[in-house]
Structures are given as C-alpha cells and as structure tokens.
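Subject: Structure handover

Hi,

Here is the structure I promised you. Please open it first, then read my notes beside it.

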Amino acid sequence: MPVHNDSLMECTRCDDEAVMHAAYSGAHLCESHFLESVEKRVRRRVRRDDLVPREATPENPQTWVIGLSGGKDSVVLTKILHDTFAEDPRIELVGLTIHEGIEGYRDASLEACVELASDLDIRHEVVSYEEEFGIRMDDVVEDDPENMAACAYCGVFRRDVLSRYADELEADILLTGHNLDDEAQSALMNFLEGDVAQIGKHFDASLGPLSERKAQDEFVPRAKPLRDVPEKEVALYAHLEDLPAHITECPHSSEAYRGEIQQLLYTLEENHPGTRHSILAGYEELGGIVADEYSGEDGADLRDCAECGSTTTREICRKCSLLESLA
Ligand code: SF4
Ligand SMILES: [Zn+2]
Ligand SMILES: [Zn+2]
C-alpha cells in the first residue's frame with residue numbers, strides 16, 4: 001500500500017514541497033502559497049463584509065480596534081491587517097489588550113502583544129480589570145458569589161471594557177480573531193439551543209456585511225475577518241511567520257459544552273471535510289433572513305444602567321450587579 005505522506009507532496013500551484021494539505025479543498029500548498037492563501041481569505045472577508053466604507057478617506061480615516069489577546073488568532077489577524085493597511089491612510093489600527101488578572105497566563109500573553117505591536121509599530125492600549133473594576137479574575141474564581149463558571153463573569157467584564165474603550169478610542173469597528181472553528185462551534189451551539197432570535201442578533205452584531213446590518217447606535221459594530229481560516233491553519237501561519245504568540249490555555253477555562261461541540265466538529269470534519277464551512281455559510285445566510293424577519297422586535301426596551309450609564313435591558317446592568325455581589 002502506498003504510504004501517504006503530506007510532507008512529500010508537491011504544491012498544487014507550483015513545484016515546491018507542500019507544507020499543508022486542506023482536506024476540505026483538496027489543495028496541497030507550499031509555504032508561500034499557503035501564506036498567500038490565508039491572507040487572501042482575510043482580505044476577501046474584509047471586502048465581502050464591507051468593512052471599509054466609502055466615506056473612509058485619508059482626511060476621515062476609520063479607526064479599527066483589534067482585540068489583541070496575544071493568542072495565535074488575534075496575533076495573526078493583527079499581522080495580516082497591518083500588512084494590508086499599513087500603507088492605506090484610510091485605516092488606523094489600534095491593538096487593545098485586556099488584562100483579566102490571571103496569574104501566569106495573561107502576563108506571558110501580554111508580552112507577546114507588546115512585542116507584536118512594537119514590531120508592527122501600531123498603537124497598543126492595555127486595560128486591566130484591576131484598574132477598571134478593582135477585581136482580578138483569580139480572586140473572582142475564589143469568591144464565586146454567583147456560583148458560576150469563571151468565563152461567565154469574565155465575559156461580562158470583557159464586553160464592558162471592550163465597548164467602553166471602543167467608544168473612548170472612537171472605534172468604527174471592533175475586530176476579533178475568531179477563526180473558522182470558533183465560529184462554526186458558536187453557530188452549531190446556537191442551532192442546538194434553538195434560539196432563532198439569537199442567530200439574528202449574532203448576524204447584526206458581528207457577521208453580516210456592515211452595509212446590511214441593522215444600525216445599532218448603542219454598540220460599535222464587530223467584525224471577524226479571520227473566520228474563513230481553520231484554527232490549524234492559523235496556528236501554522238503563526239508558526240511559519242514566527243509571530244510572537246502565546247499558547248497556554250487560561251487555567252479558568254471551563255466551557256464544557258463548547259468542548260463537546262468542538263469534539264463533535266472534529267469528527268464530522270474528518271469524515272466529511274468541509275462541514276465547518278458549510279455550517280457557517282448556512283448559518284450566515286439564515287442569520288440575514290432572521291435579522292430581517294425579527295427587525296424591530298428588539299431594542300425598544302434598552303435603557304441606561306442606573307449605576308454606570310451603560311446600555312442595558314435592566315435597571316442595573318449585569319456588570320454592576322456582578323461587581324456588587326463581588327464587593
Ligand atoms: S477562558 Fe474564561 S476566564 Fe479565562 S480569560 Fe477566557 S473568558 Fe476569562
Ligand atoms: Zn506553491
Ligand atoms: Zn452598570
């Protein structure tokens with residue numbers, strides 16, 4: 001039986017040796033064609049999502065704030081956007097790193113962020129839960145007054161910091177490094193939860209082309225231009241480009257359900273290459289229809305939090321009530 005060895009295969013596009021094989025497309029790519037293919041997918045996504053609006057000019061540049069965690073995803077996204085727009089006076093990039101107060105985890109990834117921002121010469125802001133809220137995630141996990149998973153607290157604080165700083169930096173878009181695996185997982189989780197309204201909201205918040213989204217004055221639009229690239233390819237890109245990326249997992253990470261979905265998707269993808277792409281493509285198409293269908297049904301009950309003034313559906317926003325129970 002012939003031994004199938006990827007490393008001995010030739011690139012589909014030239015005579016060089018392939019460094020990867022993508023089962024979903026059948027392509028074998030050498031290093032330079034692989035790097036180019038990742039960059040092309042990100043740029044195509046930027047175009048299809050209409051991220052550069054017509055009113056962007058050198059005199060009226062757009063500010064793009066990138067959530068820079070120091071993991072491979074955000075590092076690769078930042079590098080590709082920088083390479084794409086460094087010479088384009090219509091777009092200004094700012095890296096925003098959040099320090100949650102997690103010993104031994106965020107300190108190392110923060111170093112990666114600082115190194116990348118200085119290598120690329122982009123503006124970089126660091127904000128910490130400690131300075132913003134007087135808390136550290138390590139202590140929150142200890143106290144756990146609401147009997148919740150660490151990420152449930154952390155996500156609320158992260159959203160608050162991101163939207164406040166996006167405002168402060170006058171961001172036009174907030175970009176995050178979610179890859180194809182992340183987004184296919186989220187899509188499948190929303191399907192399985194049967195929450196159709198949530199699918200429409202997801203479309204309006206971060207997936208649809210900017211020009212098609214319902215205006216959400218209270219929130220800075222989000223974008224995920226890395227979402228056509230599978231996680232493994234993001235990791236390979238970071239490795240080949242020798243980017244400073246931090247790989248350790250957060251010690252408080254506890255998304256058990258997402259882990260199950262991830263395993264399920266690995267198996268499906270192995271037996272049916274292309275599953276992640278088709279899940280996400282169908283999900284986005286459905287999201288656009290749902291967003292239209294449900295438009296106007298939501299948002300009427302938004303108000304300002306009585307404590308901090310941020311936009312919420314309650315009297316006191318979730319962040320303020322969590323901070324109160326942690327006090
Ligand atoms: S894994 Fe959870 S606790 Fe850790 S940084 Fe991410 S959201 Fe926060
Ligand atoms: Zn090649
Ligand atoms: Zn509040």
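A word on naming before anything else: helices (H or I, at least four residues) and strands (E, at least two) are DSSP runs, numbered from the N terminus. Note also that this is a predicted model: local features need pLDDT of at least 70, side-chain atom pairs count only at pLDDT 80 or more, and totals for chains, interfaces and linings use all residues. Residues are numbered from 1 along each chain as its sequence is written, while chains are lettered from A and ligands numbered from 1 in the order in which they are written.

The whole chain

The protein chain has 12 helices and nine strands. Its radius of gyration is 21 Å, close to the 20 Å that the globule rule gives for 327 residues, so the chain is as compact as a globular protein of that length. That radius is taken over C-alpha atoms, and the rule is 2.2 Å times the number of residues to the power 0.38. Along its principal axes, the C-alpha trace spans about 70 × 50 × 45 Å.

How much of the chain is buried? Of the 327 residues, 35% count as buried. A residue is buried if 20 or more other C-beta atoms lie within 10 Å of its own, exposed if 12 or fewer, and partly exposed in between; the C-beta atoms are placed from the backbone.

Now contacts. Two residues are in contact if their C-beta atoms, placed from the backbone, lie within 7 Å. Take the contacts with a separation of 6 or more: 73% of them join residues 24 or more positions apart.

Two domains

The domain assignment gives domain 1 (61-292) and domain 2 (296-327). Such bounds come from an automatic or database domain assignment. The centres of the two domains, taken over C-alpha atoms, are separated by 23 Å. Across the boundary, 11 residues of domain 1 are in contact with nine residues of domain 2. On the domain 1 side, α5 (137-143) and α6 each supply at least two residues. The largest share of that side, four residues, comes from α6. By class, the side of domain 1 that touches domain 2 has seven nonpolar, no polar and four charged residues. Here Ala, Val, Leu, Ile, Met, Phe, Trp, Tyr, Cys and Pro count as nonpolar, Asp, Glu, Lys and Arg as charged, and the others, Gly among them, as polar.

The core

In soluble globular proteins, nonpolar side chains tend to be buried together. A nonpolar core is a set of buried Ala, Val, Leu, Ile, Met, Phe, Trp, Tyr and Cys residues joined through C-beta atoms within 7 Å. The largest one here has 67 residues, and Trp64 and Ile66 have the most contacts inside it. Helix α6 (residues 150-168) gives this core its largest share, eight residues. Both domain 1 and domain 2 give residues to this core, so it lies between them.

What does Trp64 touch, leaving aside its neighbours within four places in sequence? Its contacts are Ile91, Glu92, Leu93, Ala171, Asp172, Ile173 and Leu175.

The ligand

Ligand 1 is surrounded by Glu100, Met137, Ala150, Cys151, Cys154, Gly155, Cys250, His252 and Ser253. A residue is near a molecule or strand if its C-beta atom, placed from the backbone, lies within 6 Å of it. Helix α6 gives the most to this shell, with four residues. The shell divides into five nonpolar residues, three polar and one charged.

Some single residues

Start with two positive phi values. Glu170 has phi near 55°, a positive value in a residue other than glycine. Glu170 sits in the loop between α6 and β6 (173-175). Glu170 is exposed, with 12 other C-beta atoms within 10 Å. Asp242 also has phi near 55° and is not a glycine. Asp242 is in the loop between α9 (231-240) and α10 (256-271). Asp242 counts as exposed, with 7 C-beta neighbours inside 10 Å.

Next, Gly26. Gly26 lies in the loop between β1 (20-22) and β2 (27-29). Is Gly26 buried or exposed? Gly26 is exposed, with 9 other C-beta atoms within 10 Å. Gly26 and Pro273 are 247 residues apart in sequence and 9.4 Å apart in space, C-alpha to C-alpha.

Best wishes
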